[in-house]
Amino acid sequence: MKKTGIVLAIVFALLLAGLAAGGFVLKKNIEQSAREILRTAIGPDAETAVGDVSFSFLDRTVTAKDWRSRKELPGAPVSMQASEVKAVFAPRVALASIPSLGSLLFKDADVVPVFDRVAFYGFKSASGPVTYEAEAVQAEGVRMTFDLIKKRLAGIEPSPLENVEGTWTEQFSVRRVRIVAEPEGTLSAREVKLTGINGVAAERFVMDSAEFATNDGTLVNCRQLSAEKLAFPASAYRKIQELGDGKDANLADLLGILAEFKKSGPFVSQVKLDGIRMPADAGYLDADELVFGWKSVDPLSVDMHLRGLKIPAKVLEKSDLKLRGLDGVEIDADLDSTGLATSRHKGFLRIRNIFELQFDGTYIAPSSAVKDVHLQLKDYALLAQAAVNFTPDGMAAAMMLKAGAQALCLGDPDERKSQCAKLAQFIDAPGTIVVDTPKGLAIPTDKIVEDLTHGRFGSLFTLTVQPGGRTLDQLIRELPR
């Protein structure tokens with residue numbers, strides 16, 4: 001946001017200050033105005049150098065060469081530079097910049113096109129331990145309210161909120177960007193785009209071919225990172241600006257900012273990562289897609305979708321987990337959560353060719369309890385793969401697992417021990433098993449731990465089993481060697 005403001009300020013001044021100073025017929029004055037505005041672009045006390053500045057009536061373009069500016073600040077100096085700055089102004093802004101004519105043609109709330117395009121080529125910036133480099137920084141289709149234009153022409157500096165709320169930009173883009181933050185590492189991307197910018201909101205953010213490299217050589221890659229429907233509440237922006245003016249933040253201030261977010265709705269409707277690669281012990285994790293959705297604030301409603309998370313076998317072996325005949329696993333998952341103090345969670349987890357799990361339940365945070373838990377597990381090779389980590393003998397594995405299942409109900413009354421018998425039935429021929437808690441009954445999580453510890457599994461859960469077509473021994477024998 002700060003850099004967008006800098007771009008707008010420079011271009012606006014390049015165009016309008018020149019027009020106000022001398023109009024279309026005074027080319028020299030326009031160029032001189034451009035030099036003056038570039039000199040003060042990052043502050044009135046900045047040290048600035050600008051090369052050749054020229055204005056072309058034919059294509060409505062102001063061009064400045066070799067711009068460099070540096071300003072000393074208490075924390076660290078800030079510097080910016082560009083090998084070339086080019087701005088193409090919109091024809092209507094010329095009419096708005098003539099005081100006597102502009103007031104006749106436009107009302108204060110009217111939105112006036114200011115420039116078609118502004119670009120900084122060979123852009124570099126530094127602030128403390130952070131440096132930025134980009135092949136080009138460009139804004140297209142920038143418009144402002146006539147009231148904001150009048151203030152700038154009169155030499156009145158609008159407030160940050162007025163600047164943001166009174167400006168629209170069709171697209172802001174950065175090409176071949178590289179950000180170095182010491183000692184954290186380096187973030188680079190082929191292109192970054194922000195489209196449909198309307199005040200403190202934007203339709204879409206996209207970062208292509210992003211790579212984060214830490215100083216120890218670790219790499220995280222993402223083919224594309226995108227966000228949809230970004231909306232930062234103006235009232236929260238105002239409160240943050242007030243805190244930035246030297247006021248010490250207290251709990252009431254922070255709660256006030258959170259309240260503004262709650263009233264305005266989700267800050268972003270969706271964040272999506274495509275083509276992710278992350279480092280792990282002994283290898284890399286790859287994922288096709290990871291999506292986070294934020295549907296509402298009150299009540300809080302979010303969802304998550306993961307597709308094609310690939311974990312190599314050698315990474316699993318680091319956790320002493322071996323998969324016979326598999327080079328790794330591939331995971332898909334969905335999660336939908338609604339509520340905060342009392343929240344319902346529904347979802348799906350699948351490890352392809354091993355199992356599928358559907359789940360649903362309510363968590364009550366104040367009492368740390370769960371209610372209406374429903375689990376459905378479809379076993380394709382889960383028990384077989386788990387069993388061979390202990391013994392390759394299918395019969396022995398089944399006996400071990402069934403003995404463990406029976407032990408879960410040792411403390412249950414006789415009428416509830418049948419639940420563990422159903423569990424043993426599932427172990428004999430793995431298929432589908434459904435686990436439910438009593439409808440409407442809230443069970444504290446510490447009671448669940450206590451009951452399981454004392455062998456009262458059957459008192460907690462009711463099971464429904466649909467046996468599979470093959471026994472555990474057969475499934476083990478069918479596993480690749």
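Author: Ala, Val, Leu, Ile, Met, Phe, Trp, Tyr, Cys and Pro count as nonpolar, Asp, Glu, Lys and Arg as charged, and the others, Gly among them, as polar. This is a predicted model, in which local features need pLDDT of at least 70, side-chain atom pairs count only at pLDDT 80 or more, and totals for chains, interfaces and linings use all residues. Residues are numbered from 1 along each chain as its sequence is written, and side-chain values use heavy atoms, without hydrogens and water.

Reader: What makes a space in the structure a cavity?

Author: On a 1 Å grid over the protein atoms alone, a cavity is a set of points where a 1.4 Å probe fits but cannot get out.

Reader: Which residues line the largest cavity, and of what class are they?

Author: Lining residues have an atom within 4 Å of a point, and here they are Lys-86, Ala-87, Val-88, Arg-117, Val-118, Ala-119 and Tyr-121. By the classes above, five are nonpolar, none polar and two charged. Strand β5 gives the largest share, four residues; strands are DSSP runs (E, at least two residues).

Reader: Why is a group of residues called a nonpolar core?

Author: The name applies because its members are buried Ala, Val, Leu, Ile, Met, Phe, Trp, Tyr and Cys residues joined through side-chain atoms within 4.5 Å, buried meaning under 20% relative accessible area (1.4 Å probe, protein chains only). The largest such core has 44 residues, with Ile-433 and Leu-463 among those touching the most other members. A second, separate core of 43 residues includes Val-62 and Met-80.

Technical notes
On a 1 Å grid over the protein atoms alone, a cavity is a set of points where a 1.4 Å probe fits but cannot get out, and a pocket is an open set with protein on both sides within 12 Å along at least five of seven lines; lining residues have an atom within 4 Å of a point. Buried means under 20% relative accessible area, exposed over 50%, partly exposed in between (1.4 Å probe, protein chains only).
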